[in-house]
Amino acid sequence: PALERGYTPNSIVDDSRFKGGPSNSGNSYLGKITLRRAVEKSKNVVAWKIFKEITPKVGLSYPLKMHFANIVDNDYYLSASLGGLTNGVTTVEMASAYATIANDGVYREPTCIKKITDSEGNVILKNNGTKRKGTKVYEKNAARSMTDILTGVLTSGTAAGHELNNMSCAGKTGTTNDKKDGWFCGVTPYYTISVWVGYDTPRTLDSLRGGSYPASIWKDAMLEMTDGMDEDVDFPYAE
């Protein structure tokens, strides 16, 4: 949303602690940095400030367009900028949201059905995802710029070391303050995978971060999914 409203990956933002605002992981603050760097290093302060600027009403209108089912009135506060949603989200919702970014801002309803065959193997229904009707959520150039920013998370950001050596990739880590939830959502030109790690009955895992187990699981899964595919395919650049 910010990239649709004048921001660019190189816009300068202020990563400085302020009264009433959130803290960054490790209480680390970098001052004046680019928006790209703020995302790569998952700077909570910057996310909070930008969300306040565009307003929670505008910010949450985007996941609603992507059919996030559990957003409630009590979510329209600045903590939502950091994932502080009353009822949380599902891995399917997150995967379809990141797929929307990678798909030039066009959302497609997720489905678990690839094809249906009868007892003799005849195809009754085949779901060709590329032909499913989509809904425009983000402007194309904003989506492409965001994908470009997210490539840095895997090369020099909070998931560094989990990039795919054979293919373009982009993604984002997420970690709750008490280390009860770890997320990694990432894309290649072919697939989107979202990973959540935690306990059904929440408990702290000292070594849990979005860039630890979730990113490792994502990398292994994506390598398996893309095995044998053309490696010379890149994400499209903003015009």
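**A tour of rings and cysteines**

Select C185 to begin: at a relative accessible area of 2%, this cysteine is buried. The model is predicted.

C112 counts as exposed, with 82% relative accessibility. Show its sulfur. The closest cysteine sulfur belongs to C185 and is 16 Å away, too far for a bond. Now go back to C185. The nearest cysteine sulfur to that of C185 is in C169, 14 Å away, and C185 is in no disulfide. How many disulfides does the count give? The count is zero.

Next, the aromatic rings. The whole structure holds two aromatic pairs.

Select Y62 and Y138. Their ring centres are 5.2 Å apart and the planes meet at 10°, so this pair is stacked. Y62 sits in helix 3 (residues 56-65). Y138 is in the loop between strand 6 (135-136) and helix 5 (140-155). Buried or exposed? Both Y62 and Y138 are buried.

Move to F184 and W218. This pair is edge-to-face, with 5.2 Å from centre to centre and 65° between the planes. F184 lies in strand 8 (residues 181-187) and W218 in helix 6 (residues 213-225), so the pair ties together parts 34 residues apart in sequence. F184 is buried at 0% relative accessibility. W218 is buried too, with a relative accessible area of 0%.

Finish with charges over rings. Then select Y199 and R203. R203 lies over the face of Y199, at 4.3 Å from the ring centre.

Key
Residues numbered from 1 in each chain as written. Predicted model: local features only at pLDDT ≥ 70, side-chain atom pairs only at ≥ 80, totals over all residues. Heavy atoms only, no water. Disulfide = S-S within 2.5 Å. Buried < 20%, exposed > 50% of the residue type's maximum accessible area, 1.4 Å probe, protein only. Phe/Tyr/Trp six-rings, centres within 6.5 Å; stacked < 30°, edge-to-face > 60°. Helix = DSSP H or I, 4+ residues; strand = E, 2+ residues; numbered from the N terminus. Lys NZ or Arg CZ within 6 Å of the ring centre and 35° of its normal.
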